[in-house]
Amino acid sequence: MLGAIEENHNCGDMYVEKTIHDVVLDNIPKFSEHSVNTAKVKLQNQTMSHTEGGWPKEIDHMEAQDCLKFIKRLEKDPSYSAAVRQLTVQTTKCLEQNNTIDLFEHYFHMEEPEHMPESLTMKTVALFKDPCDEKRSVTKIGWHPEGPTKLVCSYSNLRFQRMTDEMPMNSFIWDISERNEPLTELRTSSPMVCCEYNQRNPDFLVGGCYNGLLNFFDLRTHGPAPATKSTVEVSHWDPVYDVKWMQTKTNSECASVSSDGRLLFWDVRKMDEVLDECVLTDGGKEAKTFGGVSLEWMQEAGPSKFLVGTEHGIILSCTKKPKKNVEVSTWYGQEEKGGYGRHFGPVYSVKRNPFHVKYFLSVGDWCAKLWMEDRGGEPKGPMLQTPFYPSYISAAAWSPTRPGVFFLTRHDGRLETWDYFYRMNEVSLSQKVSDAALTSLSVQAQGSLAAVGDSDGVVTLLKLCDALAQPGPNEKNVVGQIFDRETRREKNLEAIKKQSGKPTGAKEDKARAAITIDRAEYEEREKAFFSDVGLSGDDLGTKLTGVKAVVAKA
């Protein structure tokens, strides 16, 4: 024991507990300074006279004979040959570099880049909520044709077993500058499933209802009530899932499609009769009717062409010729008609590319597919398709200003943006829009605003960034070349598929012998290749047999 300290109670009484602590923290990164020295080069001044061309003093450079004799004597000197050979190696390298890149030239000075990828964004501008107490899905959205000022939204519950008697029947027109109250109310006797503005007369609206009736609204005179509506005897038997205005001289004709398997043509001035009718069949001897759930018509693609998405995952092309009955001309995805690649569910959206109208986009399951129209007698299959998503895709829309951009809505509340002008293998932008399932989508004509509706009756207005709205230089031609390239690829694959018939009998034996010869030749060429590059199968982390297996599988 070296020492002892006696207990002192007075010291304990003097102890005061500190309650306030002062702490200084900083988040300043610490840098270290380093210095690097390059190799030192000695510099010195040296004069040289070029008046005589570098000739020795005993040689008169004005005498051609003396110069020629000196040159011949110099060329025979072995040191001269070695010096020239050494200088040639260095000079050749410099000349090749100068021929490859001109250091004094401004490359790409007057050219603009085709597409500069940047961070894509979209911002939520406003939310338009259904003022009704009962939740209804936003089934369709239509923009006012005279600018991004108004949009019409139809509300309905397509699950009829969950539809109550107290469900409201009205739909609304919203002003994007006023998000609290709707601008106009549209009253119908049945929930409206689809609606669309007339592009030439914005005061005209047409909407298809759940009970199969078609309602025509004239906002100038009749206000929220329909001016006329179709009679029950000539209307659809099932809900009207989609309706389109057609550009005619009278500016009063439209077309509607329903799950009853009929495509009907109307004149809103006389809604008690149908102008024309087309039954959506499979084209077989025993006609099987397909229910229609989406409709696409575009003046640029031809006033007589209609695309109809059906409940069976097949897309029909209908032709309406003057003084002839409307008939189904093409079946996309139907195996009986030589097609392939049908959707696994109802095709809820069919949209033509506004710049290349012979290509159209469709969604009907967990992926979107791009098709080409007018391929002659070839099988009708998709040209491109997106990877399968974990959630169902409900709607699609092309950008009206950029040929290679399209949007997809999913049931998990996400909005997917694809930009084929930038890349084709993955999504360019994925945005979480709502916690509810997205049901409808519409992009304004200027391309900077997009309206997305969900199953809770909320319409989300999104502001797209300039990169998604403004086209790049020569984008239309580049996207057209991409589509043409994929079309040629599909045609080549189909030609190879037709030429490769299955051999039988003696032909099969010859084919097997040819395959054996080709395999032996392949092995020899493979060994020669690896020997030329100085590698073997083991050097690459795999054996030659593994490479063969991968090649054979491919």
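Predicted model: local features only at pLDDT ≥ 70, side-chain atom pairs only at ≥ 80, totals over all residues.
## Pairing of S19 with S18

Strand S19 is also joined to strand S18 (residues 349-352), in this case by four bridges, and the two strands again run antiparallel. Within this pairing, Val350 has Ser362 of S19 as its bridge partner, and S18 and S19 form a hairpin with six residues between them.

## Burial along S19

How many of the five residues of S19 are buried? Five of the five are, so that the strand, which spans residues 359-363, is mostly covered. The side chains of Tyr359, Leu361 and Val363 point one way from S19, while those of Phe360 and Ser362 point the other way, and the residues of both groups are buried.

## The chain as a whole

The protein chain that contains these strands has seven helices and 28 strands, and buried residues make up 42% of its 554 residues. Among the contacts with a separation of 6 or more, 52% are between residues 24 or more positions apart. The accessible surface of the chain comes to about 34,100 Å², and carbon and sulfur atoms account for 52% of that area.

Technical notes:
Residues numbered from 1 in each chain as written. Heavy atoms only, no water. Buried < 20%, exposed > 50% of the residue type's maximum accessible area, 1.4 Å probe, protein only. Contact = heavy atoms within 4.5 Å. Areas by Shrake-Rupley, 256 points an atom, 1.4 Å probe, with all protein chains shown as cover. Pairing = 2+ DSSP bridges.
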